[in-house]
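Hello,

Please find the structure below, followed by notes on what was found in it. The notes cover pockets, a cavity and a helix contact.

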Amino acid sequence: DLKKKGGSLSVIGGRDELAKRNVNMLKQIQWSPALANLGNNTVRMAILDTGLSKLQPELWAHVDAYQDEITAGGDANDIPMGIDSNHNGLLDEGVGHGTMVAGIANLVAPKVRLVIAKVADSDGNATAWSLIKGLAFAHHSGAVVANVSLGSANEIPALSDVADWCDEVGLYWVAPAGNGDQSYAMYPAKISSVVCVTGLNSNSTKADFSNWDSSAVSSAPAVGVTTQWWDGTMGQGSGTSFSAPFVTASIAEFLRHGGVVQESIKKTVIEAGFSVDKINPKYKGKLGTKLSFIRMITNGFRFGYGNP
């Protein structure tokens, strides 16, 4: 994902500023602040990523549980560690990624509680084992949906087995298709039970970098998203990693409002969205349906997935 510093403005207590900077994207997904702030029910949503920066206390105030799967006894802090785990000569390429993802999720679903699992180092690299441990921690911490904004071009059989376990215990998970402008989805997004998310421009055409695949379930904004950055300020990023939390948070809100998945979470998300095939004829059937926050919560009841 492409990330850049968005300015030195502190975002502590800055929800209104974040909403203002992302107003077009929030309109694009038909976000409703009234629905997002309605009621006192809550659910837990897990963020499996590079952790969450301690320099963002507003986000940490929403955290119910955290665990560092990279460093035993670590505090899941998302800060530079001077790591070059992919040996390309660049340090800490992934720092801030988890904080940005958590910020997007919290903006969309402010009443949802967070479970933070640090499964990737500050260079942005995770292992199958750290991801598996993170999913187990998410479930045991009471999360009902997990955002996994990570990807591999290679299939990892162990993750498919874990996906089956997630189905059994009722942990839904969401992952991005990837940013290679290729006709395939990365793993774990490619796994049949995972909600695969592609990226859109502001006019709902496919983002130039977004992958596409027949396994795609949902599509969401991917370009120029402003959110919290690891150093306590705002950052701006583009990538399908930042599309995924829009969808994850909307699923969490669906569940928080009493939605019940009767067939599959994928069917729930697909039916609540809007087709973008007409404006993306080259990618027909391979971008998923465009996320609609309102329809996820209100039409979900009409589809029979819950009671109002």
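Helices here are DSSP runs of H or I with at least four residues, numbered from the N terminus. Please keep in mind that this is a predicted model.

I begin with the second largest pocket, which has a volume of about 160 Å³. Two helices, α7 (157-169) and α9 (265-272), each give at least two residues to the lining of this pocket. The residues that line the second largest pocket are Cys166, Asp167, Gly170, Leu171, Tyr172, Ser193, Val261, Glu263, Ser264, Ile265 and Lys266. Sorted by class, that lining has 5 nonpolar, 3 polar and 3 charged residues.

The largest pocket has a volume of about 610 Å³. It is lined by 28 residues, and those closest to its centre are Gly124, Ser149, Leu150, Gly151 and Ser152. Its lining takes at least two residues from each of α6 (128-140) and α8 (240-256).

The crossing of α5 with α8 is right-handed. On the α5 side the contact consists of His97, Met100, Val101, Ile104, Ala105 and Val108, and on the α8 side of Ser241, Phe242, Pro245, Phe246, Ala249, Ser250 and Glu253. By class, the residues of this contact are 9 nonpolar, 3 polar and 1 charged.

The structure holds 1 cavity of 30 Å³ or more, and the space in the largest cavity is about 40 Å³. Its lining is made up of Arg15, Leu18, Glu58, Gly103, Asn106, Leu107 and Gln228. Both α1 (15-21) and α5 supply at least two of the lining residues, and the largest share, 3 residues, is from α5. The lining of the largest cavity has 2 nonpolar, 3 polar and 2 charged residues.

Regards

Methods: Residues are numbered from 1 along each chain as its sequence is written. This is a predicted model: local features need pLDDT of at least 70, side-chain atom pairs count only at pLDDT 80 or more; totals for chains, interfaces and linings use all residues. Side-chain values use heavy atoms; hydrogens and water are left out. On a 1 Å grid over the protein atoms alone, a cavity is a set of points where a 1.4 Å probe fits but cannot get out, and a pocket is an open set with protein on both sides within 12 Å along at least five of seven lines; lining residues have an atom within 4 Å of a point. Grid points are joined across faces, edges and corners, and a volume is the space filled by probe spheres set on the points. Ala, Val, Leu, Ile, Met, Phe, Trp, Tyr, Cys and Pro count as nonpolar, Asp, Glu, Lys and Arg as charged, and the others, Gly among them, as polar. A crossing is left-handed if the near helix is turned anticlockwise from the far one by less than a right angle, and right-handed if clockwise. Contact means heavy atoms within 4.5 Å.
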